[in-house]
Amino acid sequence: MKEISAWVVPVVVALILLYGLIRRVPVFSEFAAGAGEGVRNSIEILPSLIGLITAVTMLRASGAIELLEQGIGAAAVRLGVPQEVLPMILLRPISGSGSIALLENLLKTCGPDSLPGRVASVMAASTETTFYTIAVYFGAVRIKKTRYALPAALTADVVCTVVSILSVHLFFQL
């Protein structure tokens with residue numbers, strides 16, 4: 001199987017080049033134009049990314065995540081939310097890399113077959129890094145007024161988190 005996967009990318013690239021040649025498309029010119037557009041888009045969304053990274057760093061350094069965790073911790077545990085998953089629930093909409101680091105740590109400490117491990121895994125697969133996504137994609141197409149997008153996305157994150165917890169309890173009866 002490993003031998004096949006080593007050939008997938010070169011074969012796909014060769015097929016694209018062959019298709020372009022058959023259709024008489026100036027392949028290198030189109031590639032260069034696409035790469036240039038990608039660089040321009042990256043530069044355009046850079047201010048949004050810098051602002052988001054700064055906000056996430058300030059949020060972590062301020063201890064706001066820990067305060068929120070303490071504030072909702074007791075009620076969440078009574079509702080069946082594992083205590084170990086709370087930091088990830090709070091950080092997931094803000095930072096994908098931060099929440100994945102929390103997931104990795106949680107899996108090391110609690111184990112992948114534990115209730116917190118399963119809940120965190122399902123939640124990581126079903127929720128989105130909402131603020132990052134809005135900053136990058138809305139910034140790329142220059143949408144400044146997000147109006148309903150943020151509340152709708154955060155509502156979807158809450159629903160996905162609740163359904164993740166319920167699903168793990170239902171399917172694994174832990």
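A residue is called exposed when its relative accessible area is over 50%. The exercises below apply this and other criteria to a predicted model.

**Exercise 1. Determine whether Phe-31 is buried or exposed, and do likewise for Phe-28.**

Solution. 
- Step 1. The relative accessibility of Phe-31 is 56%, so this residue counts as exposed.
- Step 2. For Phe-28 the value is 65%, and Phe-28 therefore counts as exposed.

**Exercise 2. State how many aromatic pairs a search of the whole structure finds, and classify the arrangement of the rings of Phe-28 and Phe-31.**

Solution. 
- Step 1. The ring centres of Phe-28 and Phe-31 are 6.4 Å apart, and the planes stand at 40°.
- Step 2. Planes under 30 degrees apart would count as stacked and those over 60 as edge-to-face, with the rest tilted. The angle of 40° therefore makes this pair tilted.
- Step 3. Both residues belong to helix H2 (residues 27–62), where a spacing of 3 residues corresponds to about one turn of the helix.

**Exercise 3. Describe how the axes of H2 and helix H7 (residues 130–140) are oriented, and name the residues that make the contact.**

Solution. 
- Step 1. Two packed helices are described by the angle between their axes and the distance between the axes.
- Step 2. Here the axes come within 8 Å and cross at roughly 160°.
- Step 3. Angles over 145 degrees count as roughly antiparallel. H2 and H7 are therefore roughly antiparallel to each other.
- Step 4. The handedness of the crossing of H2 and H7 is right-handed.
- Step 5. H2 contributes Glu-44, Ile-45, Ser-48, Leu-49 and Leu-52 to the contact, while H7 contributes Phe-131, Tyr-132, Ala-135, Val-136, Gly-139 and Ala-140.

**Exercise 4. Identify the buried residues of H7 and the helices against which they pack.**

Solution. 
- Step 1. The buried residues of H7 are Thr-130, Ile-134, Ala-135, Val-136 and Gly-139.
- Step 2. These buried residues pack against H2 and helix H8 (149–172).
- Step 3. Just after H7 comes Arg-142, with a positive phi of about 60°.

Definitions and conventions. Residues numbered from 1 in each chain as written. Predicted model: local features only at pLDDT ≥ 70, side-chain atom pairs only at ≥ 80, totals over all residues. Heavy atoms only, no water. Phe/Tyr/Trp six-rings, centres within 6.5 Å; stacked < 30°, edge-to-face > 60°. Helix = DSSP H or I, 4+ residues; strand = E, 2+ residues; numbered from the N terminus. Buried < 20%, exposed > 50% of the residue type's maximum accessible area, 1.4 Å probe, protein only. Axes fitted to C-alpha atoms, helices over the stretch in contact; angles between N-to-C directions. Parallel < 35°, antiparallel > 145°, perpendicular 65-115°, else oblique. Left-handed = near helix turned anticlockwise from the far one by under 90°. Contact = heavy atoms within 4.5 Å.
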